[in-house]
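Some notes follow on one helix and on the salt bridges in this model. Please read them with the coordinates open.

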Amino acid sequence: MKKVQLITDGSCLGNPGRGGWAYVLRYKNQEREAYGSEPHTTNNRMELRAAVEGLRALKEPCEVQIITDSNYVKNGITSWIHGWQKKGWVTAEKKPVVNKDLWLELLEQNKRHNTQWEWTKGHASHDDNNRCDELARIAAETQTSSP
């Protein structure tokens, strides 16, 4: 099984507002960047979209180290999602889970791989996270996607 590293980030100009997402995939000496945007969204949706698209880009099951600066994404997929599923996609406060559509997509992609989720401080010393932040911000500002 290939061992890859996936670094993700999302950005939103206003919350809600114009959003962008980005990821960097690393495998051995290879690197791939991708990014995209949505015209009216939230920061949490863009953080989720970055992880979904990064995992979706992998053509075969892999061992994936996923690095995110979003505790929402990391805690959601590694912990909270299990309770949401058992409770019929409602929170502990008996409210519908926000962004259920993207959580379902992330769950599907996450199951394809052997994943390890790690949190890093945003806007700090992680070069790839900083690059994702830059790409996501540019995508939000310009409303463009990578080719």
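1. A salt bridge here is a side-chain nitrogen of Lys or Arg within 4 Å of a carboxyl oxygen of Asp or Glu. By that criterion Glu 38 and Arg 49 form a salt bridge, their closest N and O atoms being 3.8 Å apart. Glu 38 belongs to strand β3 and Arg 49 to helix α1 (residues 43-56), so the pair ties together parts that are 11 residues apart in sequence. The model is a predicted one.

2. Which residues are joined to this pair through shared partners? Salt bridges link Glu 38, Arg 49, Glu 53, Arg 56 and Glu 105 into one network.

3. The whole structure holds 13 salt bridges. One of them joins the side chains of Asp 128 and Arg 26, at 2.7 Å from N to O. Asp 128 is in helix α4 and Arg 26 is in strand β2, so this contact ties together parts 102 residues apart in sequence. Asp 128 counts as buried, at 12% relative accessibility, whereas Arg 26, at 29%, counts as partly exposed.

4. A salt bridge also joins the side chains of Glu 33 and Arg 131, with an N to O distance of 2.8 Å. Because Glu 33 lies in strand β3 and Arg 131 in helix α4, the pair ties together parts that are 98 residues apart in sequence. Glu 33 is partly exposed, with a relative accessible area of 29%. Arg 131 also counts as partly exposed, at 29% relative accessibility.

5. How far apart are the end C-alpha atoms of helix α4? The helix covers residues 127-142, and at 1.5 Å a residue its 16 residues should span 22 Å. The end C-alpha atoms are 22 Å apart, which agrees with that expectation. After α4 comes Gln 143, whose phi is positive, near 55 degrees.

6. The buried residues of α4 are Asp 128, Asn 129, Cys 132, Asp 133, Leu 135, Ala 136, Ala 139 and Ala 140. As background to the spacing of such a list, an α-helix has 3.6 residues a turn, so residues three or four places apart point the same way. What covers the buried residues of α4 includes the strands β1 (3-14), β2 (17-27) and β3 (30-41).

Methods: Residues numbered from 1 in each chain as written. Predicted model: local features only at pLDDT ≥ 70, side-chain atom pairs only at ≥ 80, totals over all residues. Heavy atoms only, no water. Helix = DSSP H or I, 4+ residues; strand = E, 2+ residues; numbered from the N terminus. Expected span 1.5 Å × (residues − 1). Buried < 20%, exposed > 50% of the residue type's maximum accessible area, 1.4 Å probe, protein only. Contact = heavy atoms within 4.5 Å.
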